Amino acid sequence: QLRRQLVALDPESGDPRWSLSRIEPISDPRWGGVGLDTRIAYRAGDTLHVVAGDGSPDAIIAQGVAPVAPAWKPDSYVLAYADARGRIHVVDADTHRQLWQTGALKGVRELAFSGNRLVVSTSSRVVVFQKGKATPFLRVPAGHVLLDTVLLSFGGVLYADYDPGADSTGLLR
């Protein structure tokens, strides 16, 4: 039963407040929302679910999602996720209405909002989207692999890049 339950704990006592179980493994829970009105997005297999902070109701947002953690737009119920084809979808999690989507991106690894912009990291580049319009932000040199990215508060990106030819890793901004 490992990784098949989502459990919300009381932050003071550590006691479970509620839990839910799935047949498929549960992964990538992400909290979002406003104040006490929290939402939790999580993947169960290749299905994306959203559950209210009190454990109910649990709703399926999408099926056929990629093994990439979803991302909440700060202070909202807007959620971004990648589908199995590499398209990014931005939806209103309460109404399930799609706000916009992208074309396919190869190797999507991470999604994160920075204000109104959605930053998408792949294995070779970082692309910034605003209302579905793409702006290439960073492309790593040919043959290198983008290991990880972190959004900086002033809008920059800190990233780790691996060069297999030199067997070295660089941390760049």
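Select Ala 71 and then Ala 80 in β8, its bridge partner. Strands here, like helices, are DSSP runs, numbered from the N terminus; a strand (E) has at least two residues and a helix (H or I) at least four. The model is a predicted one, in which local features need pLDDT of at least 70 and side-chain atom pairs count only at pLDDT 80 or more, while totals for chains, interfaces and linings use all residues. Residues are numbered from 1 along each chain as its sequence is written, and side-chain values use heavy atoms, with hydrogens and water left out.

The 4 strands form an open sheet in the order β7-β8-β9-β10, with antiparallel pairing.

Asp 75 counts as exposed because its relative accessibility is 64%; exposed means over 50% relative accessible area, buried under 20%, and partly exposed in between (1.4 Å probe, protein chains only).

**The largest nonpolar core**

Which residues touch the most other members of the largest nonpolar core? Select Ile 88, Val 108, Leu 111, Leu 118 and Val 120, from a core of 17 residues. A nonpolar core is a set of buried Ala, Val, Leu, Ile, Met, Phe, Trp, Tyr and Cys residues joined through side-chain atoms within 4.5 Å. The greatest contribution is that of β8, with 3 residues. A second, separate core has 11 residues, including Ile 61, Ala 62, Val 65 and Ala 93.

Return to Leu 118 and display its surroundings. Neighbours within four places in sequence aside, its contacts include Ala 80, Ile 88, Trp 100, Leu 111 and Phe 129; contact means heavy atoms within 4.5 Å.

**An aromatic pair and a charge over a ring**

Keep Trp 100 and Phe 129 on display. How many aromatic pairs does a search of the whole structure find? The search finds 1, and Trp 100 and Phe 129 form it: the pair is tilted, at 6.0 Å centre to centre, with 35° between the planes. Rings of Phe, Tyr and Trp (its six-membered ring) pair if their centres lie within 6.5 Å; planes under 30 degrees apart count as stacked, over 60 as edge-to-face and the rest as tilted. Trp 100 lies in β10 and Phe 129 in β13, so the pair ties together parts that are 29 residues apart in sequence. Trp 100 is buried, with a relative accessible area of 15%, and Phe 129 is buried at 5%.

Then select Arg 39 and Tyr 77. The charged end of Arg 39 sits over the ring of Tyr 77, 4.4 Å from its centre. The criterion is that NZ of Lys or CZ of Arg is within 6 Å of the ring centre and within 35 degrees of the ring normal.

**The sheet from β3 to β6**

Select β4 (residues 37-44), which pairs with β5 in the antiparallel sense over 6 bridges. Within these strands, Ile 40 stands opposite Val 51 in β5. The open sheet to which they belong has 4 strands in the order β3-β4-β5-β6, with antiparallel pairing. β3 and β6 stand at the edges with a single partner strand each, so one side of each is left without a neighbour in the sheet.

In β3 (residues 26-34), select Asp 28. This residue other than glycine has a positive phi, near 55°, and counts as partly exposed at 21% relative accessibility. Finally, move to Pro 57, in the loop between β5 (47-52) and β6 (58-63). The peptide bond from Ser 56 to Pro 57 is cis, with omega near -15°.

Technical notes. Pairing = 2+ DSSP bridges.
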